[in-house]
Amino acid sequence: MPTILVPGVLRAEAGGESHLTVAAEGSLRAVLDEIGARWPQLERRVRDEKGEVRRYVNVYVDGEDARRTGGQETAVSAGAEIQILPSVAGG
Amino acid sequence: MTVHLAIGTQKGLFLATSTDDRRSWEISPAHHAGLGIYSVAFDTRGPTVRVLAGFESSHFGPSVAVTDDLGQSWQEPEKAPLAFSAGEEAAVERVWQLVPAGPEQPGVVYAGTQPSALWRSADGGLTFELIRGLWDHPHRPEWGAGFGGQAIHTILPHPADPSRLLVAMSTGGVYRTTDGGATWAPANRGIKAAHQPDPWPEFGQCVHKVARDAADPDHYYAQNHHGVYRTTDGGDSWQSIANTLPADFGFPIVAHPARGGTLWNFPLVADSQRQPVDLRCRVFRSTDAGDTWEPQQSGLPQDPYYPVVLRDAMCTDNADPAGVYFGSRAGEVYASRDEGETWSTVAAHLPDVLCVRAVAV
């Protein structure tokens, strides 16, 4: 089952957990959809209601920035590690 | 009398309280620290004072939270309180305005967002539904965006008729409904659009803020992107009231909470020179519905003053005499307990002040 690493700033939205596991695999979109069903507040911090990953949120699948590997269609294997990180932004 | 003053800033919400007739203030640490608070409202219709905050994380997007215990605990629903439905190809970027309706509509709260959309909550601001009549308006594709984005920033429910509502947006101008939001019509005749080839369009004006007169609900005042206006016919037509102001540019305009014809604004030199006229920190008050204006500066900084006061960063309370408040992008907040005659500093060194609201209970 893929594992999601939750940044400290979003752990309240993940029930206080730093690691989550999901049943969904195959694509990043499927993983985020399951997060949306189980932790909706976490998911809406990551994606807007159009389903797009927010501009200043980066999602890494096995260490690779998903924006460079197919976006939400990036392949996710059963043992994948998915890391959500706020990008370098803000003032 | 306790007066609560909510100060929304670029990096959190500060709640100030005064129990000595606004002579001194106790200010909370930041709520929602680090988040931009673009809208805040007090709802006094229930047994306790509810504070609503529209916040935005530059990373994680916008939301709305409410507290019924002055910030000891906040409620935010699991699912987004405002969200376009699938297929709209739009996403809420920022909540610019939160306005409880009148006491005859308990639980009803309106929200204005970026992109320009109006929302209605029936549960006190926990969840909202899109008002489709305005979202589906045929003018919408032609509404533009000012520097701050395209948003509905003013919502004025009619005090006696829940079916009537006036909103203003930048850019787009003023729109009204008389049927509870099903249909909307522009109401900008007489307001100049200096940024357009046709300076007198039916819509498209960059109205910065509108305030309703306390005595006559068909009298409104508008601070425009150049131009200050009054209507005495509910928005059918607008006339300039900028003649005795030192400049016609600015963002906020607020009306006295109880006395008709009294209003305040904070003029800036011009859109190309966004600083107070003569670099003097001065609020301007009119007591004759804008025919004449007088500066008010006693107690305000006397040094050259550059900061801007944003459109929602000025307000009144509901006490008598009325309190007037404003905050600047330099993180200062000033209050007057005598309708602008004298001012004192409530807070300094805060992040940029985006909005202020006050209520006496």
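What share of the contacts in chain A with a separation of 6 or more comes from residues 24 or more positions apart? The figure is 52%, where two residues are in contact if their C-beta atoms, placed from the backbone, lie within 7 Å. This is a predicted model, in which local features need pLDDT of at least 70, side-chain atom pairs count only at pLDDT 80 or more, and totals for chains, interfaces and linings use all residues. Residues are numbered from 1 along each chain as its sequence is written, while chains are lettered from A and ligands numbered from 1 in the order in which they are written.

Chain A has two helices and seven strands, laid out from the N terminus as β-β-β-α-α-β-β-β-β. Helices (H or I, at least four residues) and strands (E, at least two) are DSSP runs, numbered from the N terminus. With a radius of gyration of 12 Å, close to the 12 Å that the globule rule gives for 91 residues, chain A is as compact as a globular protein of that length. That radius is taken over C-alpha atoms, and the rule is 2.2 Å times the number of residues to the power 0.38. Along the principal axes, the C-alpha atoms of chain A fill a box of roughly 35 × 30 × 25 Å.

Over in chain B, Leu279(B) sits in the loop between β21 (273-276) and β22 (283-286). Leu279(B) is exposed, with 11 other C-beta atoms within 10 Å. Neighbours within four places in sequence aside, Leu279(B) is in contact with Pro304(B), Tyr305(B) and Tyr306(B). Val269(B) is ten residues from Leu279(B) in sequence, and their C-alpha atoms are 9.1 Å apart.

Definitions and conventions: A residue is buried if 20 or more other C-beta atoms lie within 10 Å of its own, exposed if 12 or fewer, and partly exposed in between; C-beta atoms are placed from the backbone.
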